[in-house]
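I am opening a notebook on this structure and will write down what I looked up, one topic at a time.

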Amino acid sequence: PVLRVAIMGLGGYATRVADAMQQCKRAKLVGAISGTPSKLTAWQAKYGIAEKNCYNYESFKNIKNNPDIDVVYITTPNALHHSQVIAAAAAGKHVICEKPMALNAKEGAEMVAACKKAGVQLLVGYRMHFEPKTLEVVRMRQDGELGKIKFFEGLSGFVIGDPTQWRLNKALAGGGALMDIGIYSINGARYMVGEEPIWVTAQETKNDPVKFKAGVDETIQFQLGFPSGAVASILSTYSVNYLDRFYLVGEKGYANLQPATGYGPIKGYTNKGELTQPHQTHQTVQMDEMAAIILDGKKPIIPVDGEEGLRDLKIIDAIYEAVKTGKKISLT
Ligand code: NAD
């Protein structure tokens, strides 16, 4: 069977996912939800979506009576994810939610509980969890080829443009660079090191308080400690370009990914040489793999479920707490 997908929030990333899904073998774009009628018309024409599978935010509740849609993929601004995931679950649909899954761990836990209660699956759009070079580094670490892991460095940043966009609006974004791009290094630290962090320290720098208003972080550096004694050092920023790098070091070897999370081909090398796994469009692989997870119960190598999204939100909460208090925050 094929996973029949409706996308909610027809913006930039939704279009990228919709385009990538045209090459999928197991996932098919069949529906759309938008508050803008002209977007729905355009999507019907571009992707061959049936009128009966199109909804606005008011009619969306009727999706529960539509047997031709299996899953709702939510690609709206961060602040909307919580209520929209809960609404999709209440309509009896599986849900894929973009990162960050919510604004904080409290919201995340409510979403996980709502999906569990409704008996639907909740997945988070962590496309790197299916990327072949990333998975090769995870395999090397799991097979002991890097030895005992000692250190991870994550660099996640770019210079953000238009100051009026929702990403710089605390109410819609829930924060700044950390919510949007720093989360890649938080998540990456966890799957690269292969442990859950037990403490965090963090420091914020704000050089442009006009562009980055209260509650919107420009730059945060933070450190994570893991049960084995491994440590991670991470930079999250909206003010520096060319920051997309993961560096994992163990007693017997290392792996360097740069770019580590961009859409284009990931590049990497280890102490054993260059990584040569072929590039495939991330979202195409992601959607085929998510179809197998939802339809066949396949277990991904790196989890993408709501619990996984919630773990990242707990760390984000702790980072903001560490920035505010200047203290080392325990995650246990
Ligand atoms: P975008 O601004 O391009 O699109 C957001 C869409 O939501 C727009 O179509 C907008 O009209 C719609 N929307 C619905 N209700 C809205 C409201 N109340 N206010 C504002 N917009 C509203 O943003 P995007 O880049 O597509 O990001 C959407 C989500 O996808 C975010 O959560 C983001 O973090 C995530 N994202 C993930 C990746 C990834 O690689 N996984 C990449 C980009 C974005």
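Which residue in S10 does Gly-154 stand opposite? I found Ile-234 in S10 across from Gly-154. Before going on I noted that this is a predicted model, in which local features need pLDDT of at least 70 and side-chain atom pairs count only at pLDDT 80 or more, while totals for chains, interfaces and linings use all residues. Residues are numbered from 1 along each chain as its sequence is written.

**Entry 1, the sheet around S10.** I took helices (H or I, at least four residues) and strands (E, at least two) as DSSP runs, numbered from the N terminus. I counted two strands as paired if DSSP finds at least two bridges between them. S7 and strand S10 (residues 231–237) run parallel and are joined by seven bridges. On strand S9 (residues 219–225) I again read seven bridges to S10, but here the strands run antiparallel, and Ile-220 has Ser-236 in S10 as its bridge partner. The hairpin of S9 and S10 has five residues between the strands, and in it Gly-229 takes a positive phi near 105°.

I then followed the whole sheet, which is open, has mixed pairing and is formed by nine strands in the order S14-S13-S12-S11-S7-S10-S9-S8-S15. Its edge strands, each pairing on one side only, are strand S14 (273–274) and strand S15 (329–330). For burial I used the count of other C-beta atoms, placed from the backbone, within 10 Å of a residue's own: 20 or more is buried, 12 or fewer is exposed, and anything in between is partly exposed. By that count five of the seven residues of S10 are buried, so that I call the strand mostly covered.

**Entry 2, strand S4.** In a regular strand the side chains alternate between the two faces of the sheet. I therefore looked at strand S4 (residues 71–74) one face at a time, with Val-71 and Tyr-73 on one side and Val-72 and Ile-74 on the other, and found all of them buried, so both faces are covered. Strand S1 (residues 3–8) pairs with S4 in the parallel sense over four bridges, and Met-8 stands opposite Ile-74. Strand S5 (residues 94–97) also pairs with S4 in the parallel sense over four bridges, with His-94 in S5 as the bridge partner of Val-71. From S4 the chain crosses through helix H3 (residues 81–90) to S5 in a right-handed β-α-β crossover, where right-handed means that, with the strands pointing away from the viewer, the path from the first strand over the helix to the second runs clockwise.

In H1 I listed Ala-14, Val-17, Ala-18, Ala-20 and Met-21 as buried. These residues cover an arc of only 165° around the axis, which puts them on the same side of H1; the arc is that of the directions from the helix axis to the C-beta atoms. Among what covers them are S1, strand S2 (27–33), helix H2 (37–47), S4 and helix H8 (282–296), with contact meaning C-beta atoms, placed from the backbone, within 7 Å.

In helix H5 (residues 132–142) the buried residues are Lys-133, Thr-134, Val-137, Met-140 and Arg-141. Their arc is only 120° around the axis, which places them on the same side of H5. They pack against strand S7 (149–157), helix H7 (177–193), strand S11 (243–250), strand S12 (254–257) and strand S13 (268–270). Arg-139 and Gln-142 are exposed on the face turned away from that buried side. After H5 comes Gly-144, whose phi is positive, near 80°.

Of the 19 residues around the ligand, Gly-9, Gly-11, Gly-12, Tyr-13 and Glu-98 come nearest. Helix H1 (residues 12–21) gives the most to this shell, with three residues.

Lys-99 and Pro-100 are joined by a cis peptide bond with omega of about -15°, and Pro-100 is found in the loop between S5 and helix H4 (105–118). The peptide bond from Gln-258 to Pro-259 is also cis, with omega near -5°, and Pro-259 lies in the loop between S12 and S13.

Is Tyr-242 buried or exposed? I found Tyr-242 exposed, because 11 other C-beta atoms lie within 10 Å. Tyr-242 sits in the loop between S10 and S11, and its phi is near 65°, a positive value in a residue other than glycine.

Terms used
Contact = placed C-beta atoms within 7 Å. Near = placed C-beta within 6 Å.
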